[in-house]
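Hi,

Here is the structure I promised to pass on. Have a look, and then read on for what turned up in it.

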Amino acid sequence: MAAKAVALALLVLMSTVQLSMCARRRMELYKPDPADMLSYHNGVVLQGNIPVSIIWYGKFTPAQKSILFDFLLSLSVAPYAAARSVAQWWGSIDELYLSKAMQTNSNGQSKKTQVLVANQVSDMQCSMGKSLTLAQVAALAAQSKPKKGGIALVLTAQDVTVEGFGMSRCALHGSDAKSGTTYIWVGNPATQCPGECAWPFHQPMYGPQGAPLLAPNGDVGVDGMVMNLASMLAGTVTNPFGDGYYQGTRDAPLEAATACPGIFGSGAYPGFAGELKMDQATGASYNANGANGRKYLLPALYNPSTAACNTLV
């Protein structure tokens with residue numbers, strides 16, 4: 001009886017191994033449909049000088065404004081003697097996406113994409129109230145009257161709620177096709193939804209509960225805003241009007257950065273942001289150097305050519 005049991009066990013084991021090998025072989029032979037991957041849909045992308053109009057909605061401290069403003073400045077100004085920069089991250093969007101959209105100037109040369117702050121407006125009194133609908137966010141953006149090809153950037157303070165904030169979104173971008181303008185909204189998640197919109201600088205609401213990382217600029221909410229703003233900027237310039245680069249449906253697309261959720265460094269997996277740099281003075285984690293000595297944590301960017309997520313570190 002014992003011999004029969006052993007033989008039966010060996011038979012089951014061999015069958016399992018064979019099934020496993022067959023399954024692995026099928027995975028190796030599987031080639032995803034290009035239509036299901038992030039690709040270019042022959043629409044417009046934003047290139048050249050992109051004017052940005054900032055709307056500070058609610059109360060931001062001067063220190064908070066400085067962190068966000070320096071990030072925008074860092075996109076086009078490479079810090080001296082600082083490898084792995086915000087400007088390098090931004091340049092990879094040109095390389096991976098914009099240059100391949102084949103929009104060229106009159107000389108037939110690709111246009112270098114630069115973000116230029118055109119103007120700023122502060123609405124400290126919250127003229128539309130402290131609980132905004134998405135329609136009100138779009139109305140706020142329109143009030144700034146961004147130039148054609150420009151971006152209206154609506155930044156809401158930590159005591160301002162926005163429809164869906166922390167439940168279905170941490171930020172968003174949209175557009176007005178008639179005027180040829182786009183807008184981005186990003187909220188401060190410090191008190192409302194840090195686990196959803198400021199991870200890895202706060203413990204996540206769900207999933208593995210590892211210790212949070214230290215924010216590079218000492219402000220969990222605003223450092224979270226930078227991560228989300230970076231993601232939306234990448235999506236806005238590569239898919240401004242819904243017919244550029246995206247994966248999935250036009251109404252709920254995955255874009256240049258959102259196609260790589262939770263990935264900030266090499267070796268990332270759910271609950272682990274990846275291998276990052278550490279500021280020796282503060283112990284904070286980051287992956288990009290910015291203007292004025294700033295350090296930031298920026299999301300990975302999807303590489304359409306390799307179907308992989310590219311990280312700075």
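I call two cysteines a disulfide when their sulfur atoms lie within 2.5 Å. Before the details: this is a predicted model, so local features need pLDDT of at least 70 and side-chain atom pairs count only at pLDDT 80 or more, while totals for chains, interfaces and linings use all residues. Residues are numbered from 1 along each chain as its sequence is written, and side-chain values use heavy atoms, with hydrogens and water left out.

Searching the whole structure gives two disulfides. One joins Cys170 and Cys197, with the sulfur atoms 2.0 Å apart; this link is left-handed, at -80° about the S-S bond. Cys170 sits in the loop between strand 6 (161-162) and strand 7, and Cys197 in helix 5 (residues 194-197), 27 residues apart. (Helices, H or I of at least four residues, and strands, E of at least two, are DSSP runs numbered from the N terminus.) Cys197 has a relative accessible area of 2%, so it is buried. For burial I use under 20% relative accessible area as buried, over 50% as exposed and anything in between as partly exposed, with a 1.4 Å probe and protein chains only.

The other disulfide is Cys260 with Cys309, sulfurs 2.1 Å apart, and it is left-handed too because its torsion is about -95°. Here Cys260 is buried at 2%, whereas Cys309 is partly exposed at 29%.

Five strands make an open, mixed sheet in the order 3-2-5-8-7 (strands pair if DSSP finds at least two bridges between them). Its edges are strand 3 (114-123) and strand 7, each pairing on one side only. Strand 7 runs antiparallel to strand 8 (residues 181-187) over six bridges, and Leu172 has Trp185 in strand 8 as its bridge partner.

His173 is also in strand 7 (residues 171-176). Its side chain makes a polar contact with that of Glu255 at 2.8 Å; a polar contact is a pair of N or O atoms within 3.5 Å, where within protein one must be able to donate a hydrogen and the other to accept it, and residues adjacent in sequence count only if both atoms are side-chain atoms.

Tell me what you think once you've had a look.
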